[in-house]
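Student: Please show me the model, and then let us go through it by question and answer.

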Amino acid sequence: MWGAIEHLGRDGRTRGYLRDAWSPADLELRRWFGQEAARRGLDLREDRNGNLWAWWGDPSVRPGVVTGSHLDSVRQGGAFDGPLGVVSAFAALDLLRARGFRPARPLGIACFTDEEGARFGVPCVGSRLLTGILDPDRARALTDDEGDSLAEVLRAAGRDPGALGRDEETLRHVGVFVELHVEQGKDLIHRDAPVGVASAIWPHGRWRFDFHGQANHAGTTRLADRDDPMLPFARTVLHARQAAERGGVVATFGRTRVSPNNANAIPGLVSAWLDARGGDEEAVRALVAELTEFSGAEVTVESWTPVVDFDAVLRERVVAAAGGAPVLPTGAGHDAGILASAGVPSAMVFVRNPTGISHSPDEHAETADCHAGVTVLAAVLEDLCAS
Ligand code: GLV
Ligand code: MN
Ligand code: MN
C-alpha cells in the first residue's frame, strides 16, 4: 500500500508532501482508497461532506466499529500523518480476515476529508461538517489562496456543495471510532514503548491577525514617515513566545501573507496566523486576549476546538487490547477529537515516532513500530466487533 501512494503529491525537491484537500493528489489518493476498498469487497460510500467510508457489513442494520484517518497533508508534510491510520486500518482488516475472524458488528474504514485545513484554513472540515460543528454556509464560503471558494472547488470536483452539513444517517452508522496515528511528539520514546493510547486532546485554535499599514516605496520613504505593519507583527511574534512561556502553553505564527510582498516596498498589510494550544483552556484564551490587545491587529478566530477527554471506558478497553500501552495526552488535533466532542465514543492509538518530528518531511515511524500498531489495532477491532 505504501508503494502505491508514496509518490502522490510528493515534492521531488524537498521530499515533503503537498496534498491539499481536493487537489489532483488528493483526488488520486481518494481513488486509491476506493480501489483498496474494492479489492477487499468492501462497500464504498461517500457521504454528503466528502468523507469516504468502506464497510465490511451493513451499518444500517447495526452501528459499526470504524477506524481510519485522513489522506490530505499539511504543506510539505510527512508521509505518516494521516495515511498511517488509513493504511493500518486496511492492514488490520486483512489480519483479522487472515485469522478467519467474522465481526459480529459492521466494520468500517473511514477517510475524512480535509483534516489539516491547509487549503481553506479550518482543520477537520469533513468531520466538523458531518457532526454539524461547522456551519455549511461558512464552509462553502471559505476560500483558498487563489480566491476559489470551497463551494467552487467541490463543484469542480463533481460534488454538490449544497449537500454539505450535519449528516444524521452517516453518524448513525458510527457506533465507535478508533483512529491510529503517528505520534507527533517524543513521549513514546521516553516511555520506550512502540504504541500508546490517547487520554485527551488539548484545546486549540487558529486566529488570523491582520496588521494594517501604508504600502510605500522602500527607498524614498523616510523612517519617520512610515506606517509599516511588519513592525507590530515582529513585536507580536516575540511577545507571543514570552506570553506562551509565562502561561505554560504553546503559540506559533507559522503562516504569513504579506501584501504586496515586494522586497522594495513597505507592506500595506501583514496577515499572520496564530496557532495556540495548551493543557489549560483558560491559559490559551488568556494568551490570545493578551496578544489581541498587544498587537493592535484586527483579529479573527478561524477555528476553536475545546479540550477533548476521550471516553474512559473505551480507552481502558483499548489499553487492555494493546497489552497495557501507556496513556498520553496530545497537542495535535484529530478527527477522532471532533467525533468525540459530538458524542461518538472515540479513541486513539499512537505509533512511536523516533524523532518526534511531524508536519515536516522528516516525520518518520519505523516499520516494526508500524507493524506493532497494526497488531494493536487488529486486537482493538476484534474486541469491539466481537459482540
Ligand atoms: C493537526 O495535525 C493539527 O494541526 O493539530
Ligand atoms: Mn497533521
Ligand atoms: Mn493527522
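**Backbone, metals and ligand**

Tutor: Arg15 lies in the loop between helix 1 (2-5) and helix 2 (24-39); helices (H or I, at least four residues) and strands (E, at least two) are DSSP runs, numbered from the N terminus. This is a predicted model, in which local features need pLDDT of at least 70, side-chain atom pairs count only at pLDDT 80 or more, and totals for chains, interfaces and linings use all residues. Residues are numbered from 1 along each chain as its sequence is written, chains are lettered from A and ligands numbered from 1 in the order in which they are written, and side-chain values use heavy atoms, with hydrogens and water left out.

Student: What is the phi of Arg15?

Tutor: Most residues other than glycine have a negative phi. Arg15 is not a glycine, yet its phi is positive, at about 70 degrees.

Student: Which peptide bond is cis?

Tutor: Most peptide bonds are trans. Pro260 is in the loop between strand 9 (250-259) and strand 10 (265-266). With omega near 10 degrees, the cis bond is the one from Ser259 to Pro260.

Student: Which residue coordinates both manganese ions, ligand 2 and ligand 3?

Tutor: Donors are N, O and S atoms within 2.8 Å of the metal (3.2 Å for Na, K and Ca); water is not among the atoms, so sites may look incomplete. Ligand 3 is held by His70 (NE2), Asp81 (OD) and His181 (NE2), at 2.0 to 2.2 Å. Ligand 2 has Asp81 (OD), Glu116 (OE), Glu116 (OE) and His359 (NE2) as protein donors, at 2.0 to 2.8 Å. The two ions are 3.6 Å apart, and the residue that coordinates both is Asp81.

Student: How are the donor residues of the manganese ion (ligand 3) spaced in sequence?

Tutor: His70 lies in strand 3 (residues 64-70) and Asp81 in the loop between strand 3 and helix 3 (83-98), so this pair ties together parts eleven residues apart in sequence. With His181 as a further donor, the spacing is H-x10-D-x99-H.

Student: How much of the accessible area of ligand 1 does the protein cover?

Tutor: The residues around ligand 1, those with a heavy atom within 4 Å, are Glu115, Glu116, Arg277, Ala332, Gly333 and His359. A backbone N or O atom of Gly333 is 2.6 Å from an oxygen atom of ligand 1, and a side-chain N or O atom of His359 is 3.0 Å from an oxygen atom of this ligand. Of the 190 Å² that ligand 1 has on its own (Shrake-Rupley method, 1.4 Å probe), the protein covers 93%.

Definitions and conventions: A polar contact is a pair of N or O atoms within 3.5 Å; within protein, one must be able to donate a hydrogen and the other to accept it, and residues adjacent in sequence count only if both atoms are side-chain atoms.
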